[in-house]
Amino acid sequence: MTLPRQSSNEAMAKAWILAGATASGKSAVAQILAEKLGCAIISADAMSVYKGMDIGTAKPGEAERARVKYFGLDLTTPDQSFSTGLWLADVSRAAAAAGPEPGCRLIAAGGTGLYINAVTRGLGGRAADPAARSRWHALFESGGVAALRAAITARAPSALDRLADPDNPRRLIRALEHIDASGALPASWSGPLGAPPVTVLRLPRAHLHDRIRRRVADMFRQGFVEEVRALCRQFPHWSPTASKAIGYAEVRAMLDGAMTLDAALERTVTRTRQLAKRQETWFRHQSNAVWIDITDNDPPAQVADLVLQKWREHGPAELVCV
């Protein structure tokens with residue numbers, strides 16, 4: 001397999017972009033393409049940054065990491081706060097490691113739209129103010145998503161309409177931080193205008209839901225409960241973001257006696273399906289998505305060929321953050 005062509009401007013670091021909802025198969029496809037093209041992979045998954053949160057985030061195993069260099073994984077621990085800026089620092093390390101050799105040697109793959117947006121269009125806005133972030137987290141704890149939405153509407157009435165995922169508390173809090181700092185959302189939050197093409201895998205909803213149920217069942221069979229129990233022993237107090245991670249929150253509730261095992265599994269399936277819907281909505285409205293429609297029966301190698309065709313057609317994205 002030959003490398004897709006790219007522009008002659010080699011001064012700017014570049015990456016092939018592959019996105020999609022959780023359980024869409026992007027990780028397996030990225031692994032195949034990275035091995036064949038000689039690329040490193042930048043994980044664009046906000047929960048994979050936490051050390052020890054492996055089974056519940058479907059991180060690549062030792063065998064995959066032995067064959068492909070990964071960035072964006074295991075950058076912090078569940079008890080620590082983390083930001084997109086810190087993730088971008090690891091992207092910069094990935095770009096430096098790729099070096100000036102001809103050809104694009106990086107693949108950014110994941111389902112966190114904020115990360116994809118940041119690496120291709122810039123973070124936008126000012127750095128987060130820890131005091132302001134704590135204040136908005138406290139508002140969320142007391143009033144939920146509705147309170148965050150009301151705060152946004154009171155400060156910038158039209159801002160809420162620009163959010164593709166208004167049910168995501170992390171996104172709402174970040175929006176409030178931007179409004180606090182400058183009175184408005186960054187220009188990069190204005191949808192796909194001018195954004196580079198992003199190749200996105202998409203399955204029929206029924207197929208994706210089936211995959212999600214199978215994945216969650218596999219997680220619990222593979223020792224997910226034991227993983228969470230060990231993390232809780234090591235880190236009794238988790239950061240607000242890590243504590244709400246899908247699956248981890250449910251198992252922690254189960255370990256505390258607030259939920260049965262069956263209820264934890266079912267709640268994890270439901271929240272994962274909700275996440276997948278939000279991710280697809282984000283890529284539909286907030287990115288310049290190049291959709292690849294696949295089915296549950298398509299082998300990853302066949303999907304990889306389809307992705308490669310799109311990459312050849314559109315070229316890699318410049319990493320504006322490095």
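Predicted model: local features only at pLDDT ≥ 70, side-chain atom pairs only at ≥ 80, totals over all residues.
Me: Which residues of helix 3 meet which residues of helix 4?
Reply: From helix 3 come T84, W87, L88 and V91. They meet L114, Y115, A118 and V119 in helix 4. By class, this contact has seven nonpolar residues, one polar and no charged ones.

Me: Why is helix 4 called largely enclosed by the rest of the structure?
Reply: Because eight of its nine residues are buried. Buried means under 20% relative accessible area. The buried residues are G113, L114, Y115, I116, N117, A118, V119 and T120.

Me: Why does Y248 count as buried?
Reply: Its relative accessibility is 1%. The cut-off for buried is under 20%. Therefore Y248 counts as buried. Y248 sits in helix 10 (residues 248-255). Leaving aside neighbours within four places in sequence, its contacts include M53, D54, F224, E227 and W238. E227 is 21 residues apart from Y248 along the chain, and their C-alpha atoms are separated by 9.3 Å.

Me: How do you know that T199 is buried?
Reply: T199 has a relative accessible area of 4%. That is under 20%, so T199 is buried. T199 lies in strand 5 (residues 197-202). Leaving aside neighbours within four places in sequence, T199 is in contact with residues including I17, L18, V290 and W311.

Me: Is A23 buried or exposed, and how do you know?
Reply: A23 has a relative accessible area of 8%. The limit is under 20%, so A23 is buried. A23 is placed in the loop between strand 1 (14-20) and helix 1 (26-37). Its phi is positive, about 75 degrees, although A23 is not a glycine.

Me: What makes D74 partly exposed?
Reply: D74 has 24% relative accessibility. Buried means under 20%, exposed over 50%. The value lies in between, so D74 counts as partly exposed. D74 is in the loop between strand 3 (70-71) and helix 3. Phi of D74 is near 55 degrees, a positive value in a residue other than glycine.

Definitions and conventions
Residues numbered from 1 in each chain as written. Heavy atoms only, no water. Helix = DSSP H or I, 4+ residues; strand = E, 2+ residues; numbered from the N terminus. Buried < 20%, exposed > 50% of the residue type's maximum accessible area, 1.4 Å probe, protein only. Contact = heavy atoms within 4.5 Å. Nonpolar A, V, L, I, M, F, W, Y, C, P; charged D, E, K, R; others polar.
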